[in-house]
Amino acid sequence: MKSKIILILSISFIIFMLFLLFFYLIKGDSSRWQVALGGVIVSALPSLLLFTKVNPFPISLIVGYYLFLFCSLFLGSIEDFYNRFKWWDAVLHFYKGIFMGFVGVSLYKLFIATRIQTRISKWIIFLFVLSISVNATVLWEVYEFLGDLTFTHTMQSGGNTDTMYDIIIGMISGLLTAIYSMKQREKL
């Protein structure tokens, strides 16, 4: 059942992004067709989980991934929410910090055997979840920086100030998720 949902979501989003890719290619809108092409590629990533023996991610996390893609790629970049609503970028960075924290929780459950999870310090869980979230935030900012150096010149329109706000927001939301996971250790 989980595999079917992943496949349906992947195929649906890929088709949506392919439609946008060809639509903007025909219109000659190079900025938007490049975003759509990137959307096609990242939409396929969860379907790669179908080739693994154990999928550590709950379906809610995969749905959350596609929600993030829709909000960042389609609404943010293609529909220009990043420029129309100054708070849009901050909201997505906050969401991404929480999302990546829960990716950390899923990885913790995958890599730590159930029989020893109760013996792991809650502070180790806290640090692991926070590290996953903060590292994802930093890697995203590196991606934005390199993207501006090579292709778009629009990802870090606020320069260093934008980067620092994004990192702070990602750290705060990662911190909230880490605190939650530490408090919920027995229920993880």
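Tyrosine 95 and phenylalanine 99 both sit in helix α5 (residues 88–111), four residues apart, or about one turn of the helix. Helices here are DSSP runs of H or I with at least four residues, numbered from the N terminus. An α-helix has 3.6 residues a turn, so residues three or four places apart point the same way. This is a predicted model: local features need pLDDT of at least 70, side-chain atom pairs count only at pLDDT 80 or more, and totals for chains, interfaces and linings use all residues. Residues are numbered from 1 along each chain as its sequence is written, and side-chain values use heavy atoms, leaving out hydrogens and water.

**Aromatic pairs**

- The structure holds 17 aromatic pairs. Rings of Phe, Tyr and Trp (its six-membered ring) pair if their centres lie within 6.5 Å; planes under 30 degrees apart count as stacked, over 60 as edge-to-face, and the rest as tilted.
- Phenylalanine 23 and tyrosine 24 form an edge-to-face pair, 5.0 Å centre to centre with 80° between the planes.
- Phenylalanine 23 is partly exposed, at 36% relative accessible area. Tyrosine 24 is buried, at 7%. Buried means under 20% relative accessible area, exposed over 50%, and partly exposed in between (1.4 Å probe, protein chains only).
- Tyrosine 95 and phenylalanine 99 form a stacked pair, 6.3 Å centre to centre with 15° between the planes.
- Tyrosine 95 is partly exposed, with a relative accessible area of 26%. Phenylalanine 99 is buried, with 12%.
- Ring pairs link a cluster of residues, among them Phe13, Tyr65, Phe74, Tyr95 and Phe99.

**Helix α3**

- Helix α3 (residues 59–78) has 20 residues. From first C-alpha to last, α3 reaches 26 Å, close to the 28 Å expected at 1.5 Å a residue. The expected span is 1.5 Å times one less than the number of residues.
- Helix α3 is mostly covered, with 14 of its 20 residues buried.

**Threonine 137**

- Threonine 137 lies in helix α7 (residues 122–150). Threonine 137 is buried, with a relative accessible area of 1%.
- Its side chain makes a polar contact with the side chain of lysine 96, at 3.4 Å. A polar contact is a pair of N or O atoms within 3.5 Å; within protein, one must be able to donate a hydrogen and the other to accept it, and residues adjacent in sequence count only if both atoms are side-chain atoms.
- Leaving aside neighbours within four places in sequence, threonine 137 is in contact (heavy atoms within 4.5 Å) with Lys96, Asp166, Ile167 and Gly170.

Note on methods
Helices (H or I, at least four residues) and strands (E, at least two) are DSSP runs, numbered from the N terminus.
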